[in-house]
Amino acid sequence: MTIGNYFSQTGGIGPVGPTITTQGVNTIYVYAETTAVPACEYEISFTVDIQPELVAPVLDPVTSCQNYDLQPLTAPFNYYTGPGGTGTMYTGLDVNKLLLRSTNTLYLWRIRIVYLRKHF
């Protein structure tokens with residue numbers, strides 16, 4: 001940032017480093033003050049919601065000569081045909097419709113939605 005800095009409190013109090021680690025909703029203030037006389041101040045704020053790290057369930061490999069129903073996953077995890085959330089996505093309900101007739105690899109991946117709310 002070229003003008004101003006990040007703070008945890010209004011009025012330029014409590015500098016915030018480049019990384020926010022406190023879980024939950026954090027209000028971040030951007031505060032700038034000129035060096036001219038008279039000094040002018042400007043401040044805006046926004047919120048950042050830091051959620052706990054998501055850990056994917058560990059599933060054992062399965063070998064079956066019959067149809068096999070994969071276990072439904074809890075949100076925000078889904079099955080994908082490619083690594084890193086690539087390929088076709090199957091939700092916990094859709095995956096049971098997937099007929100696996102040969103060797104297939106499915107990957108677990110999560111979707112994380114980030115909301116930033118700016119305050120004036």
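Trainee: In which loop is glycine 12 found?
Mentor: This is a predicted model, in which local features need pLDDT of at least 70, side-chain atom pairs count only at pLDDT 80 or more, and totals for chains, interfaces and linings use all residues. Residues are numbered from 1 along each chain as its sequence is written, and side-chain values use heavy atoms, with hydrogens and water left out. Strands are DSSP runs of E with at least two residues, and helices are runs of H or I with at least four, numbered from the N terminus. On that basis, glycine 12 lies in the loop between S1 and strand S2 (13–15).

Trainee: Which residues does glycine 12 touch, leaving aside those up to four places away in sequence?
Mentor: Contact means heavy atoms within 4.5 Å. Glycine 12 and glutamate 33, 21 residues apart in sequence, are 8.9 Å apart from C-alpha to C-alpha. The residues that glycine 12 touches, with that exclusion, are Phe7, Tyr31 and Glu43.

Trainee: How many bridges join S3 to strand S4?
Mentor: Two strands pair if DSSP finds at least two bridges between them. Strand S3 (residues 24–33) runs antiparallel to strand S1 (residues 5–9), joined by 3 bridges, and tyrosine 6 stands opposite valine 30 there. On the S4 side, threonine 27 has threonine 47 as its bridge partner, and the antiparallel strands S3 and S4 (residues 41–50) are joined by 10 bridges.

Trainee: Which residue in S6 stands opposite tyrosine 80?
Mentor: An open sheet of 3 strands has the order S6-S5-S7 with antiparallel pairing. Strand S5 (residues 77–82) pairs with S6 over 3 bridges, and the residue opposite tyrosine 80 is methionine 89.
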